[in-house]
Amino acid sequence: MSIKETIRSRRSIKQFNGEPVSEKEVLSVLEDAVWAPNHGVREPWRFVVAADDGKARLLDILKEQTIGPKWKDMQQDEVAKAMQKFTNVGAFVFVIVPEDARQKERLEDFAAASALIQNAQLLAWEMGIGTCWKTPVFLDHPKFREALHVHRGERIVGMLQFGHFDIVPKGKERTPIEEKITRL
Ligand SMILES: Cc1cc2nc3c(=O)[nH]c(=O)nc-3n(C[C@H](O)[C@H](O)[C@H](O)COP(=O)(O)O)c2cc1C
């Protein structure tokens, strides 16, 4: 696939089929994705990866975070249904960026991490693996941050889900570029 084809054909995958994605596959994507531009080569990122056995540990954390302690009083099938959107994901990567006190650096670091995330999404797509960059509110929850060993002065900028899929959703049309251009 050319870069153009990969960019245009990639879709955010929100329905995964439950097939796992190994840590090895995830790390091979990240090894290439880190070649994203980043000012001063500060490499302003680190990752919490939940694949293979780690996925089960993350699902326990997510159960507590999204359902709350009441999951213990629920029927098992009810819990399973509530968790299905996470269980079906093949692997998770949480992208963590330092929160520099300086506005310019903070913006640059977030921009660089965003470039890295898009690299990862395109690389995975080329391997036949779908992704979705998600930003649920719980990423900033103190208990969730603690469970993921996120330190003060760091922010989780995305939950990147990897997985296999049966259906590619139809992409939403983009606005013609002419409508976005101001000529000087
Ligand atoms: C910063 C960012 C945050 C996103 N957060 C979510 C999210 O929380 N939940 C979700 O379903 N999709 C999320 N998405 C994916 C977008 O919904 C998706 O990119 C958009 O619908 C366009 O679809 P496409 O990626 O298939 O072109 C996010 C995308 C970005 C770039």
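In this predicted model, R102 has a relative accessibility of 48% and therefore counts as partly exposed. The side chain of R102 forms a salt bridge with that of D100, at an N to O distance of 2.9 Å. D100, at 18% relative accessibility, counts as buried, because the limit for that class is under 20%. Side chains of opposite charge can pair when their charged atoms come close.

Another such pair consists of D140 and R155, whose side chains meet in a salt bridge at 2.8 Å, N to O. This pair links distant parts of the chain: D140 belongs to the loop between β3 (130-134) and α6 (142-147), R155 belongs to strand β4 (residues 154-163), and 15 residues separate them. D140 is partly exposed, with a relative accessible area of 36%, and R155 is likewise partly exposed, at 37%.

E108 counts as buried at 17% relative accessibility, whereas R42, at 33%, counts as partly exposed. Salt bridges with shared partners connect R42, K104, E108 and D109 into one network. The model has 10 salt bridges by the rule applied.

The largest nonpolar core has 24 residues, of which L62, F86, F92, F94, F144, L148 and I156 touch the most other members. At least two residues of this core come from each of β1, α3 (53-66), α4 (76-87), β2 (91-98) and β4. I156 shows how such contacts are made: residues up to four places away in sequence aside, I156 touches F94, V95, I96, L139, F144, R145, L148 and V150. A second, separate core contains 22 residues, including L30, I117, A124 and V157.

An α-helix has 3.6 residues a turn, so residues three or four places apart point the same way.

An unreviewed UniProt entry places the feature "domain: Nitroreductase" at residues 7-164. This span is 44% helix and 18% strand, and its end C-alpha atoms lie 18 Å apart. The UniProt entry, which is unreviewed, also places the feature "binding site" at R10, R11, S12, H39, W133, K134 and T135. These positions are spread over 126 residues of sequence and are also spread in space, with up to 28.0 Å between C-alpha atoms.

Of these positions, R10 is found in the loop between α1 (3-9) and α2. R10 is buried, with a relative accessible area of 10%. Neighbours within four places in sequence aside, R10 is in contact with Q118, Q121, L122 and W125. W133 is found in strand β3 and is partly exposed, with a relative accessible area of 29%. Not counting residues up to four places away in sequence, W133 touches S114, I117, Q121, V157, G158, M159 and L160. The side chain of W133 reaches the backbone oxygen of V157 at 3.3 Å.

Key. Residues are numbered from 1 along each chain as its sequence is written. This is a predicted model: local features need pLDDT of at least 70, side-chain atom pairs count only at pLDDT 80 or more; totals for chains, interfaces and linings use all residues. Side-chain values use heavy atoms; hydrogens and water are left out. A salt bridge is a side-chain nitrogen of Lys or Arg within 4 Å of a carboxyl oxygen of Asp or Glu. Buried means under 20% relative accessible area, exposed over 50%, partly exposed in between (1.4 Å probe, protein chains only). Helices (H or I, at least four residues) and strands (E, at least two) are DSSP runs, numbered from the N terminus. A nonpolar core is a set of buried Ala, Val, Leu, Ile, Met, Phe, Trp, Tyr and Cys residues joined through side-chain atoms within 4.5 Å. Contact means heavy atoms within 4.5 Å. UniProt positions are given in the numbering used here, feature names are shortened, and annotations may be inferred rather than shown by experiment. A polar contact is a pair of N or O atoms within 3.5 Å; within protein, one must be able to donate a hydrogen and the other to accept it, and residues adjacent in sequence count only if both atoms are side-chain atoms.
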